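Please read them with the model open beside you.

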Amino acid sequence: MKQTPVTAIKTRGGSFVELELAGKEIARVSRPGQFVMIGAGQSYDPFLKRPLGILSVQEDRFSLLFQIVGQGTKLLSQLQPGNTVSVLGPLGNGFSLHPSEAVLIAGGRGIVPLVFLASHFQQAGIPFTFFWGVKNELELVLASYLASFSPSCVLSCEEAVSGYGCGTVLTSFSSWEKTHPLRSGSRVYACGPQGMFRVMQKIPFFSGVPVEVSLEARMGCGFGVCLGCAVKKKEGSGYVHVCKDGPVFLLPEVEL
Amino acid sequence: MNLETRLGPLVLQNPVILASGTCGYGREMVPFLDLDRVGAITLKGLSVMPWEGNPPPRIHETAAGVMNSIGLENKGFHRFVQDDLSWLETVHTRVIANVWGRTEEEYIGIARLMDRLERIDAVEVNVSCPNVEKGGESFATNCRVLHQLIGAIRRVVQKTLLVKIGPTVAELEKTLKFMEREGVDGLSVTNTFPALAVDSERQCLVFERKVAGLSGPAIKPLALKLVYDVRHLTHLPIIGMGGIMKTEDALEFLLIGASAIAVGTANLVDPAVALEIVPGIESYLVAHGMNRLDDLIGKVR
Ligand SMILES: Cc1cc2nc3c(=O)[nH]c(=O)nc-3n(C[C@H](O)[C@H](O)[C@H](O)COP(=O)(O)OP(=O)(O)OC[C@H]3O[C@@H](n4cnc5c(N)ncnc54)[C@H](O)[C@@H]3O)c2cc1C
Ligand SMILES: Cc1cc2nc3c(=O)[nH]c(=O)nc-3n(C[C@H](O)[C@H](O)[C@H](O)COP(=O)(O)O)c2cc1C
Ligand code: FES
């Protein structure tokens with residue numbers, strides 16, 4: 001299988017890693033919200049590739065940002081420039097790109113696809129506000145990814161940290177929303193843990209505006225053949241498949 | 001170099017097949033490989049009516065393998081015809097329809113529908129399905145029930161008829177004898193191996209259905225043994241599969257007598273791998289002074 005060279009790797013705090021890979025084609029065609037499947041092991045351990053969202057693209061390279069949570073991400077964190085990995089992608093549907101105004105809501109590592117989306121909005125001159133919340137101070141190392149959007153960002157941390165709103169990303173969004181009516185044609189974009197989406201499904205505000213959420217699921221293939229990434233549909237029976245029908249869905253579409 | 005191989009009346013341009021459930025309905029593979037160059041593709045298992053499959057989690061990784069509990073989710077025959085059939089007409093390779101049912105009647109229904117489609121070259125019957133009329137026991141585990149099922153399907157299928165068996169097939173020798181008598185054209189060996197995964201963190205079983213099917217390199221030696229045993233019990237042609245990741249794995253199955261091989265779980269990790277195996281087999285034949293695939297098949301007894 002074709003191998004992709006690592007061009008740079010940087011650790012961000014104790015548990016996050018930014019990985020830059022060579023890839024003209026992926027850089028050229030990727031849209032915000034899409035992901036790649038990346039092989040972590042050289043042998044069969046781990047056996048399956050891992051899905052990771054696309055953080056940014058340059059001319060002939062693209063970057064991923066991941067949290068080390070298990071064997072696969074640990075091995076990926078040990079790569080060196082010049083090493084190669086196998087990559088499939090870009091995969092999945094991606095976000096819609098032409099709202100009149102956008103609200104971005106990210107929890108923790110859910111920041112990844114929304115950074116890519118925010119840079120698209122910035123280039124396209126689409127106004128947006130970016131809410132990002134983390135559980136603890138350690139995750140705040142990722143705040144540097146929001147530096148170029150800083151006037152439009154609202155940051156919060158569940159631990160009390162000076163300079164940050166205290167509480168969840170949804171508490172800071174809710175207080176902002178009371179004084180900031182959205183214009184028609186606005187959309188909300190969200191990525192974060194399932195618990196965040198579950199709370200959003202209960203907040204009346206989010207049923208009055210289109211909300212696009214980027215889901216995570218355990219994946220076998222990432223391109224629609226194994227049917228392993230099933231998530232229950234909200235209406236009617238049956239499942240959607242995160243890799244092929246998503247990873248971006250409308251909030252009311254899915255049972256979380 | 002002649003890589004042609006035969007499964008009863010069905011001739012394949014080469015012995016490398018994509019296994020059911022790991023290549024969708026074909027179209028999903030197009031970004032990764034040229035389907036015209038594989039020996040055949042086997043469609044995801046289809047039933048007459050759509051079937052929603054099992055609740056997640058559906059996939060669990062093990063050492064050198066994957067456990068799946070997809071539960072045969074599929075869009076049903078009619079949506080398959082609407083969505084995929086005309087596209088499949090543009091593909092120049094053999095298409096094998098993998099079929100299943102929850103009752104004998106459902107099996108016969110889907111087999112008959114597939115048999116009428118010109119684009120379908122062969123019908124592969126997955127017999128490792130729960131039989132709702134027999135309290136959910138697999139069709140494969142009851143020799144008498146299986147015999148009757150296969151006989152009934154043969155009567156409605158004019159095309160090449162393949163039966164896909166696995167480690168749970170009861171009374172192997174007897175089963176293979178009646179498959180021969182009923183006029184089955186070939187056997188696909190093997191389906192996944194029933195296996196269990198335990199989550200020690202949450203102190204529960206990983207899968208809601210408890211048992212899931214293990215596939216991938218972890219099962220290759222078990223699959224080889226099953227193919228080997230089947231080879232010695234019947235003359236029916238065999239599609240060997242189970243953990244094939246590369247050329248050498250494919251050669252092992254061919255050497256012990258499989259007429260063709262299928263790549264399954266490997267497609268999930270490297271969807272283009274089948275097209276490395278085809279020239280891999282060819283180079284091996286050249287290197288060993290053989291000029292036909294037939295010289296290789298069954299060389300190891
Ligand atoms: C479309 C998509 C995009 C993603 N983008 C990113 C990203 O940009 N950055 C990032 O850091 N991560 C992202 N993820 C998550 C990432 O894929 C996983 O964290 C990674 O696969 C874990 O691999 P591992 O081998 O390190 O951990 P594993 O050893 O596989 O898992 C570690 C622990 O997490 C559990 N686990 C793993 N996956 C799931 C799941 N889906 N649901 C519940 N539990 C699970 C395991 O059971 C285990 O306890 C994304 C996931 C998807 C589906
Ligand atoms: C995700 C997945 C889905 C599968 N779906 C089917 C199916 O629908 N019908 C069938 O007969 N076999 C199905 N199989 C079994 C494979 O076709 C194959 O027999 C088995 O996985 C062993 O080969 P492998 O180790 O190369 O995967 C499936 C396997 C996997 C991993
Ligand atoms: S991960 Fe295989 S279908 Fe989605």
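1. In the lining of the largest cavity, β1 (4-12) and β2 (16-22) of chain A each supply at least two residues. Strands here are DSSP runs of E with at least two residues, helices are runs of H or I with at least four, and both are numbered from the N terminus. The largest share, three residues, comes from β1(A). The lining consists of Ala8(A), Ile9(A), Lys10(A), Glu18(A), Glu20(A) and Ser63(A). By class, these are two nonpolar, one polar and three charged residues. Nonpolar covers Ala, Val, Leu, Ile, Met, Phe, Trp, Tyr, Cys and Pro; charged covers Asp, Glu, Lys and Arg; the others, Gly among them, are polar.

2. This is a predicted model, in which local features need pLDDT of at least 70 and side-chain atom pairs count only at pLDDT 80 or more, while totals for chains, interfaces and linings use all residues. Residues are numbered from 1 along each chain as its sequence is written, chains are lettered from A and ligands numbered from 1 in the order in which they are written, and side-chain values use heavy atoms, with hydrogens and water left out.

3. How many cavities of 30 Å³ or more does the structure hold? There is one, and the volume of the largest cavity is about 30 Å³. A cavity is a set of points, on a 1 Å grid over the protein atoms alone, where a 1.4 Å probe fits but cannot get out; lining residues have an atom within 4 Å of a point. Grid points are joined across faces, edges and corners, and the volume is the space filled by probe spheres set on the points.

4. In chain B, the axes of helix α3 (residues 143-156) and helix α4 (residues 172-182) come within 10 Å and cross at roughly 20°. Axes are lines fitted to C-alpha atoms, for helices over the stretch in contact, and angles run from 0 to 180 degrees between N-to-C directions. α3(B) and α4(B) are therefore roughly parallel to each other. Angles under 35 degrees count as roughly parallel, over 145 as roughly antiparallel, 65 to 115 as roughly perpendicular and the rest as oblique. The crossing of α3(B) and α4(B) is right-handed, meaning that the near helix is turned clockwise from the far one by less than a right angle. The contact divides into five nonpolar, three polar and five charged residues.

5. α4(B) also packs with helix α5 (residues 220-233) of chain B, at an angle of about 55° and with the axes 10 Å apart. These two helices, α4(B) and α5(B), are therefore oblique to each other. Their crossing is right-handed. Residues of the contact include Leu172(B) and Leu176(B) of α4(B), and Leu226(B) and Val230(B) of α5(B). By class, the contact has five nonpolar, no polar and four charged residues.

6. The peptide bond from Gly89(A) to Pro90(A) is cis, with omega near 0°, and Pro90(A) is found in strand β7 (residues 87-91) of chain A. The bond from Pro56(B) to Pro57(B) is also cis; Pro57(B) is in the loop between β4 (40-42) and β5 (59-62) of chain B. Gln203(B), a residue other than glycine, has a positive phi, near 50°.

Note on methods. 1 Å grid on protein atoms, 1.4 Å probe; cavity = no way out; pocket = protein on both sides within 12 Å on 5 of 7 lines; lining within 4 Å. Contact = heavy atoms within 4.5 Å.
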